[in-house]
Amino acid sequence: MRIDKFLKVSRLIKRRTLAKEVADQGRITINGKVAKAGSAVKVGDELAIRFGQKVVTARVEDLRENVRKEDAMKMFTILKEEKLDKIEPQFIDDEE
């Protein structure tokens, strides 16, 4: 499954277009490698997503095309949430 679709279906990010933008900005990593919107995600992968000054690390537990709101949280496990004091070089955009 594509990372942008997984983020939308699991409700980690509410809209697929927003998930695509975040991925294309290099703010998502899969198992330590920067991911693009079309990158494949599979069960067991570890995702790190930067939201502003916070990085959320989650493990993929399940992949489904459609899921009810109540079951969306079962698709991943939050491993940790870190607050950033400064922006780390790996998350800096080169498009300025």
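Me: Which residue does the side chain of Arg 68 meet in a salt bridge?

Reply: In general terms, a salt bridge is counted when a side-chain nitrogen of Lys or Arg lies within 4 Å of a carboxyl oxygen of Asp or Glu. In this predicted model, the side chain of Arg 68 meets that of Glu 70 in a salt bridge, at 3.0 Å from N to O. The model is a prediction in which local features need pLDDT of at least 70 and side-chain atom pairs count only at pLDDT 80 or more, while totals for chains, interfaces and linings use all residues. Residues are numbered from 1 along each chain as its sequence is written, and side-chain values use heavy atoms, with hydrogens and water left out.

Me: Are Arg 68 and Glu 70 buried or exposed?

Reply: The classes rest on relative accessible area, with buried meaning under 20%, exposed over 50% and partly exposed in between (1.4 Å probe, protein chains only). Arg 68, at 56%, counts as exposed, and Glu 70, at 52%, is exposed as well. In another salt bridge, Glu 61 and Arg 59 meet at 2.9 Å, N to O; here Glu 61 is partly exposed at 32%, and Arg 59 is partly exposed at 33%.

Me: How many salt bridges does the structure hold, and which residues are linked in a network?

Reply: The structure holds 10 salt bridges, and a network of them links Arg 2, Asp 4 and Arg 16.

Me: What is the order of the strands in the open sheet?

Reply: Helices (H or I, at least four residues) and strands (E, at least two) are DSSP runs, numbered from the N terminus, and two strands pair if DSSP finds at least two bridges between them. Here five strands form an open sheet in the order β2-β1-β3-β4-β5, with antiparallel pairing. Its edge strands, each pairing on one side only, are β2 (33-34) and β5 (76-83). Between β3 (residues 46-51) and β4 (residues 54-60), which run antiparallel, there are six bridges, and Ile 49 has Val 56 in β4 as its bridge partner.

Me: Which residues of helix α2 are buried?

Reply: An α-helix has 3.6 residues a turn, so residues three or four places apart point the same way. In α2 (residues 16-24), the buried residues are Ala 19, Val 22 and Ala 23. They cover an arc of only 95 degrees around the axis (taken from the directions from the helix axis to the C-beta atoms), which puts them on the same side of α2. These buried residues pack against α1 (3-9), β1 (28-30) and β3, where contact means heavy atoms within 4.5 Å.
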